[in-house]
2 protein chains.
Amino acid sequence: MSRGRSHTSNQPENIGRLLLRAQRDFDAELNARLGERGYPDVRLAHSALFAHIDPEGTRSSELAERAGMTKQGMGQLVADLEEKGYVERVEDPADRRAKLVRLTKKGWQHIRDARVIIGEIEEAYAQRLGDGRLETLRAILKDFPPR
Amino acid sequence: MSRGRSHTSNQPENIGRLLLRAQRDFDAELNARLGERGYPDVRLAHSALFAHIDPEGTRSSELAERAGMTKQGMGQLVADLEEKGYVERVEDPADRRAKLVRLTKKGWQHIRDARVIIGEIEEAYAQRLGDGRLETLRAILKDFPPR
């Protein structure tokens, strides 16, 4: 986790490094809390799948497109979460040659728990930043990428 | 590059995902511009070294500590940038058994060019976000991690 200020004037803290530091802090908070709540095997990387899967299941290629990942990258996430019991691959009723990735009961429970945990992190950030600054931050970030 | 909005209500856009999306946009902008300016072989990952190296050179273990990386991770960055001609490993005058990582002429030129490019990205963001919102964003992010 990089929290170091630059020791030289090579690259003063630009917006890219500031974003990276904040994102890594969120990631560390999330992983620590997921571990405490019985999810030592789920990391932020997995949220690319959890965030984009439909209640009735979604094809892996479609998940990759929604998450902006390669098919191979999403395939690895699917395989990993399948092995851990969070998703299962089932026949697509619309096309028997295709497979849908679908949440298991454990996967659904994880989504509920993760939502609570993320809410706790946001609440802690809001209190520590004060003055509605988390909501200001959120509003500006929602305009990214600015065009 | 994930710019997708969530297609389900599993995980509405939380602050972690918003930070990640903004950070990835910066990363993509930086890599595109570095490529155009003759640095197709330098990526944001390398900035962990460029940002923390002293003018007179710095030990690899110290770079790792400053960047919040493992010694192995920094060792790989050093080896990669040495192969590409941006840094060289020289004897430490203070301890002949130790090595310093030092910028080459090419490495110094890269730092100057990267600083210009980052300034251009920030200027583009500032104009597109409008109303001093980039500076507001920067001020809030400087308080991360909030304690």
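The buried residues of helix α5 of chain B pack against α1 (15-36) and α6 of chain A, and within chain B against α1 (15-36), α2 (47-50), β2 (95-103) and α6. Here, buried means under 20% relative accessible area with a 1.4 Å probe, protein chains only, and contact means heavy atoms within 4.5 Å. Helices (H or I, at least four residues) and strands (E, at least two) are DSSP runs, numbered from the N terminus. The model is a predicted one, in which local features need pLDDT of at least 70 and side-chain atom pairs count only at pLDDT 80 or more, while totals for chains, interfaces and linings use all residues. Residues are numbered from 1 along each chain as its sequence is written, chains are lettered from A in the order in which they are written, and side-chain values use heavy atoms, with hydrogens and water left out.

Among the buried residues of α5(B) are B:G107, B:H110, B:I111, B:A114, B:I117, B:I118 and B:I121. An α-helix has 3.6 residues a turn, so residues three or four places apart point the same way.

Beyond its neighbours within four places in sequence, B:Q23 touches A:G16, A:L19 and A:L20, along with B:L44.

The two α6 helices (residues 133-142 in chains A and B) pack at about 130°, with their axes 10 Å apart. Axes are lines fitted to C-alpha atoms, for helices over the stretch in contact, and angles run from 0 to 180 degrees between N-to-C directions. That makes α6(A) oblique to α6(B), since angles under 35 degrees count as roughly parallel, over 145 as roughly antiparallel, 65 to 115 as roughly perpendicular and the rest as oblique. On the α6(A) side, the contact includes A:R133, A:T136 and A:L137, and on the α6(B) side it includes B:R133, B:T136 and B:L137.

Within chain B, α3 (residues 60-67) and α4 (residues 71-83) pack at about 115°, their axes 9 Å apart, and are therefore roughly perpendicular. Residues making this contact include B:L63 and B:A64 of α3(B) and B:M74 and B:V78 of α4(B).

Definitions and conventions: Buried < 20%, exposed > 50% of the residue type's maximum accessible area, 1.4 Å probe, protein only.
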